[in-house]
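User: I'm new to this one and would like to learn how to read it. Could you walk me through it, feature by feature?

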Amino acid sequence: MWSAVAQTLDTLDTMTSHQNTQTMKPATAAKKLGVYLEATPAEFREGVVTRAELNALQTDPPAWLRDLRRDGPHPRPVVAAKLGVSIAGLHRGGVAEPLTTEQIEALKQERPEWLERERAVQADVRKEAARVKELHAERAQRAEGAERD
């Protein structure tokens with residue numbers, strides 16, 4: 001019986017000693033890097049990205065990644081963040097395509113009505129989130145005080 005246990009342990013040990021390389025689809029890697037997939041080089045779009053490669057891209061980005069992050073085109077979450085609105089707000093404003101940094105700056109200068117409205121909505125959402133967070137903190141503090149009594 002002990003030999004069977006020892007053999008099982010040896011098998012488990014050899015199984016865990018050589019780790020599988022974690023990979024992801026290019027779309028996932030692009031999302032993690034905050035870039036628009038279609039604007040990345042073909043070799044990036046057509047391959048798979050390992051966790052080590054993603055870490056290397058994040059810590060020491062190549063020129064193409066630095067250029068994309070600086071100039072765009074940017075994916076919706078980045079456009080929304082740069083404009084100070086939600087992704088739904090972009091949609092309501094009629095922005096369906098990725099925008100370049102230049103286009104985003106032009107929108108900021110033009111200050112169209114939809115952008116001002118969506119920024120106000122986003123400001124209200126942030127205020128409400130802060131209020132709810134504060135309320136939860138107060139309740140937790142009261143509950144903690146009641147437990148001590």
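Analyst: Happy to. Let's begin with a cut-off: a residue is called buried when its relative accessible area is under 20%, and exposed when that area is over 50%. Keep in mind that this is a predicted model. In the protein chain, buried residues make up 23% of the 149 residues.

User: How many helices and strands does the protein chain have, and what pattern do they follow along the sequence?

Analyst: There are 9 helices and 2 strands. Reading along the sequence you get α-β-α-α-β-α-α-α-α-α-α. As for contacts with a separation of 6 or more, 59% of them join residues 24 or more positions apart.

User: How do I read two helices that pack together, say helix 6 and helix 8?

Analyst: Here's the general idea: two packed helices are described by the angle between their axes and the distance between the axes. In this model, helix 6 (residues 76-83) and helix 8 (residues 101-110) pack at about 35°, and their axes are 10 Å apart. Their crossing is right-handed.

User: Which residues of helix 6 and helix 8 meet there?

Analyst: On the helix 6 side look for V79, K82 and L83; on the helix 8 side, I104, L107 and K108. Sort the residues of this contact by type and you find 4 nonpolar, no polar and 2 charged.

User: What about T101: where is it, and which backbone atom lies 2.5 Å from its side chain?

Analyst: T101 is in helix 8. With a relative accessible area of 18%, T101 is buried. A polar atom of the T101 side chain lies 2.5 Å from the backbone oxygen of R70. Beyond the neighbours within four places in sequence, T101 is in contact with R70, D71, G72 and H74.

User: How should I look at the backbone itself?

Analyst: As a rule, most residues other than glycine have a negative phi, and most peptide bonds are trans. Now look at the bond from G72 to P73: it is cis, with omega near 10°. P73 is in the loop between helix 5 and helix 6. Then there is R111, a residue other than glycine whose phi is positive, near 50°. R111 is found in the loop between helix 8 and helix 9 (113-148).

User: One more, please: which residues does L57 touch?

Analyst: Not counting residues up to four places away in sequence, L57 touches L33, F44, P62, W64 and L65. L57 lies in helix 4 (residues 51-59) and is buried, with a relative accessible area of 14%. L57 and L33 are 24 residues apart along the chain, while their C-alpha atoms are separated by 8.1 Å.

Terms used:
Residues are numbered from 1 along each chain as its sequence is written. This is a predicted model: local features need pLDDT of at least 70, side-chain atom pairs count only at pLDDT 80 or more; totals for chains, interfaces and linings use all residues. Side-chain values use heavy atoms; hydrogens and water are left out. Helices (H or I, at least four residues) and strands (E, at least two) are DSSP runs, numbered from the N terminus. Buried means under 20% relative accessible area, exposed over 50%, partly exposed in between (1.4 Å probe, protein chains only). Contact means heavy atoms within 4.5 Å. Axes are lines fitted to C-alpha atoms, for helices over the stretch in contact, and angles run from 0 to 180 degrees between N-to-C directions. A crossing is left-handed if the near helix is turned anticlockwise from the far one by less than a right angle, and right-handed if clockwise. Ala, Val, Leu, Ile, Met, Phe, Trp, Tyr, Cys and Pro count as nonpolar, Asp, Glu, Lys and Arg as charged, and the others, Gly among them, as polar. A polar contact is a pair of N or O atoms within 3.5 Å; within protein, one must be able to donate a hydrogen and the other to accept it, and residues adjacent in sequence count only if both atoms are side-chain atoms.
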